[in-house]
Amino acid sequence: MLIGFFILLGAIFTPIFPGKAGKVNGLDFMDNLFNTISKGSSYFIADSLKSSDKYAGQMIDVKIKMDNEQQAINTAKLFQVGGAEATVSGKELAIKGDISLMLKSSLADAEQMYHNNGAPVASKYGFNEKEAIYNWWMAFKAIDKSLTAQENFKEAKAFSSIRSKALEPAYNYYGVASSNYKDNIGLIAAALLFYVVYTVWYGFGLMYLFEGLGLKIGH
C-alpha cells in the first residue's frame, strides 16, 4: 500500500496535467482550479456600483499619508482622473471631492482588472495596472481611517467595503480565469473524494506496516 501511495505521489508531482502554459503538476492543476472557482464567487463590483450611488453629492476633505513621495504622486493621478482634487506635499496627499465619483472611478478600474484587462488601466494613469489598484487600496484604507477619526462612520464604511469587495479581488485574481463551481462540480467532488481516500490509504498502509513489524499502539 505504501509503495503504491508513493508511486501515485510521484505522479502527482510530475508535470502531466493540463495548465495555462503547458503541462503542470497535480498540485498546480488543483490550485488553479480552485482559484478560478474562488474568483467566480468573488464578483461584487456590480453591487458595489449600485451602492455607491447613495453617496452622490456627498463631499469629503481628508489628508492621508502614503509610503513614499512617488506613490503619493501616482495616487493623486487616480483621484484627479476621477474628477477629485488631489494635492501632493511630500508623502502627504490632500483629497477633496464627491465620494460617489471616487468610488465609481476605482470600481471602473477594478472591473477591468477583474476581467484581466489591465492595459486600459495602465494607459489611463501611465504606470503599471497592478500598482494602480494597489494604490487605490492603500488610499481607501487611509481614507477609511481618516473618516473614522472624524466620526463619519457611514462614509468610512463605503470606502472599506469597496476596498475589500472590489479592489482586493481585482488585484489578487488578476490574470486568473473565472469559472462557476457548477461547471466543475464533478471534478471538485472527485478531488475531495480522492483527498479522503488517499489520506486513509496512507494511514492504513502505515498501520499494516507497523503490525507486520510486530509493533502495537496502546495506552
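This is a predicted model: local features need pLDDT of at least 70, side-chain atom pairs count only at pLDDT 80 or more; totals for chains, interfaces and linings use all residues.
The side chain of Asp109 forms a salt bridge with that of Lys124, at an N to O distance of 2.7 Å. Asp109 belongs to helix 5 and Lys124 to helix 6 (residues 119–125), so the pair ties together parts that are 15 residues apart in sequence. Lys124 is partly exposed, its relative accessible area being 37%.

Three salt bridges are found in a search of the whole structure. Another of them joins the side chains of Lys104 and Asp53 (2.5 Å, N to O). Lys104 lies in helix 5 (residues 99–114) and Asp53 in the loop between helix 3 (45–52) and strand 3 (59–65); this pair links distant parts of the chain, 51 residues apart. Lys104 counts as partly exposed at 27% relative accessibility, and Asp53 is partly exposed at 44%.

A further salt bridge is formed by the side chains of Asp144 and Arg163 (3.6 Å, N to O). Here Asp144 is in helix 7 and Arg163 in helix 8, 19 residues apart. Both residues, Asp144 and Arg163, are buried.

Helix 7 (residues 129–149) and helix 8 (residues 153–172) have axes that come within 8 Å and cross at roughly 160°. Angles over 145 degrees count as roughly antiparallel, and helix 7 and helix 8 are therefore roughly antiparallel to each other. Their crossing is left-handed. The residues of this contact comprise 13 nonpolar, two polar and six charged. Among those of helix 7 are Trp136, Trp137, Phe140 and Asp144, and the helix 8 side includes Phe153, Phe159, Arg163 and Tyr171.

Note on methods. Residues are numbered from 1 along each chain as its sequence is written. Side-chain values use heavy atoms; hydrogens and water are left out. Axes are lines fitted to C-alpha atoms, for helices over the stretch in contact, and angles run from 0 to 180 degrees between N-to-C directions. Helices (H or I, at least four residues) and strands (E, at least two) are DSSP runs, numbered from the N terminus. Angles under 35 degrees count as roughly parallel, over 145 as roughly antiparallel, 65 to 115 as roughly perpendicular and the rest as oblique. A crossing is left-handed if the near helix is turned anticlockwise from the far one by less than a right angle, and right-handed if clockwise. Contact means heavy atoms within 4.5 Å. Ala, Val, Leu, Ile, Met, Phe, Trp, Tyr, Cys and Pro count as nonpolar, Asp, Glu, Lys and Arg as charged, and the others, Gly among them, as polar. A salt bridge is a side-chain nitrogen of Lys or Arg within 4 Å of a carboxyl oxygen of Asp or Glu. Buried means under 20% relative accessible area, exposed over 50%, partly exposed in between (1.4 Å probe, protein chains only).
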